[in-house]
Amino acid sequence: MNSFVKNIIRFSLFILVQVFVLDKIHLHQMVTPYVYFLFIIWLPFRMGRTQQMLLAFALGFAMDSFRHHPGFHTAACVMIAYIRPFLVNLLIPQEGADSNYEEPSFKSLGGILPYMIFIGVLTFIHHGWLFLLEAWQFGNIWYFLIKTILSTMLSLFLIVIAEMLFTRQQKFKTNTV
Amino acid sequence: MRNIFLFVRRYFNFILFLLLQGFSIYLIVHYSNYHNAIFSKTSNQVTGKINEKFNSVTSYFRLKKTNDSLVAANEMLYNKLKADFEYPDTTSRLKIDSIKVDSMEQFRKYQYYPARVVYNSVAAQNNFIVLGRGSSQNIKLGMGVIDPNSGVVGVVTEVSSGYAVVMSLLHKDSHLSGKLLKGGETGTLNWDGKTPNIISLAGIPKGVKVVKGDTIISSGFSTSIPKGMMMGIVEEVKSDKSTNNHLIKFRTAANFYNLEFAYVIENKQTEEIKSILEKEKQKSQ
């Protein structure tokens with residue numbers, strides 16, 4: 001499938017799943033998983049950073065329009081879209097390996113550990129920034145930290161399940177391009 | 001000049017990042033509830049449509065609970081019927097009202113409109129409820145919203161032609177005034193953003209005796225919610241050391257987890273009250 005069409009389908013599916021399924025979950029009245037930003041994590045390697053940030057902005061804005069108070073998810077999404085390329089450069093196994101595969105996955109980042117670090121860091125930053133903006137103060141730092149850490153763990157759990165359920169076919173391209 | 005261009009080109013991504021972040025934070029801070037940007041009306045219409053489609057499916061799962069609450073509300077109303085009371089004396093006789101027009105209608109203050117809840121959130125710090133009824137069905141900004149058992153839910157803050165957005169009590173900017181049923185002292189409602197269904201009532205002085213189980217009702221000071229609507233039941237009373245007030249936490253009468261139907265209350269005298277206030281303001285200037 002064309003990657004453009006694929007990403008459009010992903011965009012709308014992630015938003016719908018997030019708004020109508022995951023947002024209804026409140027464990028102990030404070031933990032809600034967020035998974036929709038997998039859209040940003042799964043964007044192709046070769047996409048420009050400007051485009052990534054603009055797409056993240058659009059994703060966050062679409063998410064926010066269901067919440068009727070724009071800004072929160074937009075800020076969090078733009079944040080991880082900005083940080084993502086740095087992480088890819090840090091974690092990619094060898095020079096030029098990002099042109100071997102289409103997009104980040106267990107396979108293309110060379111194993112479970114690098115990929116887990118990759119999604120773990122991005123999820124943590126997304127949740128932390130989102131909850132920080134929502135609370136708008138450092139007031140109760142323990143509550144904020146516990147909420148962020150627990151939500152990150154739950155989201156990561158769901159992301160790993162999603163990765164296992166929907167295995168993405170990653171073709172190995174020769175790096176002679 | 002050339003250096004500036006070089007700088008912008010070199011750090012273009014970083015500048016774009018700062019711009020987008022700044023714009024988002026600007027939206028968070030400056031999105032006031034009575035200043036609707038143009039986008040919010042159209043986006044409200046679009047997201048409302050999607051919400052309604054999903055709600056038409058999910059509402060079936062809660063039909064039993066909805067029915068039970070409506071039966072309870074009906075029971076309450078039946079018990080208020082005049083026909084249920086019979087006076088033992090002979091002074092009251094049955095009379096037929098010969099006036100065809102309802103002569104009380106011109107004195108009507110509150111009108112209730114039923115509405116279906118199409119979207120509801122409790123997990124965020126600022127929670128909203130979307131009703132499937134909008135400005136073309138008589139909903140206006142600032143109307144109060146209650147649940148079928150007359151527990152206060154919130155105030156309408158955004159209206160499009162087919163949908164209305166309600167700022168629920170579980171919103172950091174929602175500060176309605178509540179009143180203790182027993183003593184009549186009024187205070188302000190605040191939500192700390194942590195536990196849904198638990199709200200604090202601030203501004204009740206320590207001299208007032210409050211115990212667990214006391215009822216809190218709406219004060220009727222605002223034009224949106226009539227006096228005497230149930231707000232909740234006191235769960236916990238502590239004394240605030242820094243001020244002269246109690247710290248009161250109460251459980252809301254409306255259960256925000258499973259709202260299905262709501263009633264929107266129109267105050268027909270809002271205009272009159274507003275115009276008097278306006279006159280008074282002009283006088284004092």
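Me: Contact means heavy atoms within 4.5 Å. How many residues of chain B and chain A does the contact take?
Reply: The contact takes 39 residues from chain B and 36 residues from chain A. This is a predicted model, where local features need pLDDT of at least 70, side-chain atom pairs count only at pLDDT 80 or more, and totals for chains, interfaces and linings use all residues. Residues are numbered from 1 along each chain as its sequence is written, and side-chain values use heavy atoms, with hydrogens and water left out.

Me: Why are H3(A) and H2(B) called roughly parallel?
Reply: Helices are DSSP runs of H or I with at least four residues, numbered from the N terminus. The axes of H3(A) (residues 49–67) and H2(B) come within 10 Å and cross at roughly 10°. Axes are lines fitted to C-alpha atoms, for helices over the stretch in contact, with angles from 0 to 180 degrees between N-to-C directions. Angles under 35 degrees count as roughly parallel, so H3(A) and H2(B) are roughly parallel to each other.

Me: Which residues make the contact of H3(A) with H2(B)?
Reply: Among them are Met53(A), Leu54(A) and Phe57(A) of H3(A), and Leu16(B), Leu20(B) and Phe23(B) of H2(B). The residues of this contact divide into ten nonpolar, three polar and one charged. Ala, Val, Leu, Ile, Met, Phe, Trp, Tyr, Cys and Pro count as nonpolar, Asp, Glu, Lys and Arg as charged, and the others, Gly among them, as polar.

Me: What is the count of salt bridges between chain B and chain A?
Reply: A salt bridge needs a side-chain nitrogen of Lys or Arg within 4 Å of a carboxyl oxygen of Asp or Glu. Between chain B and chain A the count is zero.

Note on methods:
Chains lettered and ligands numbered in written order. Helix = DSSP H or I, 4+ residues; strand = E, 2+ residues; numbered from the N terminus. Parallel < 35°, antiparallel > 145°, perpendicular 65-115°, else oblique.
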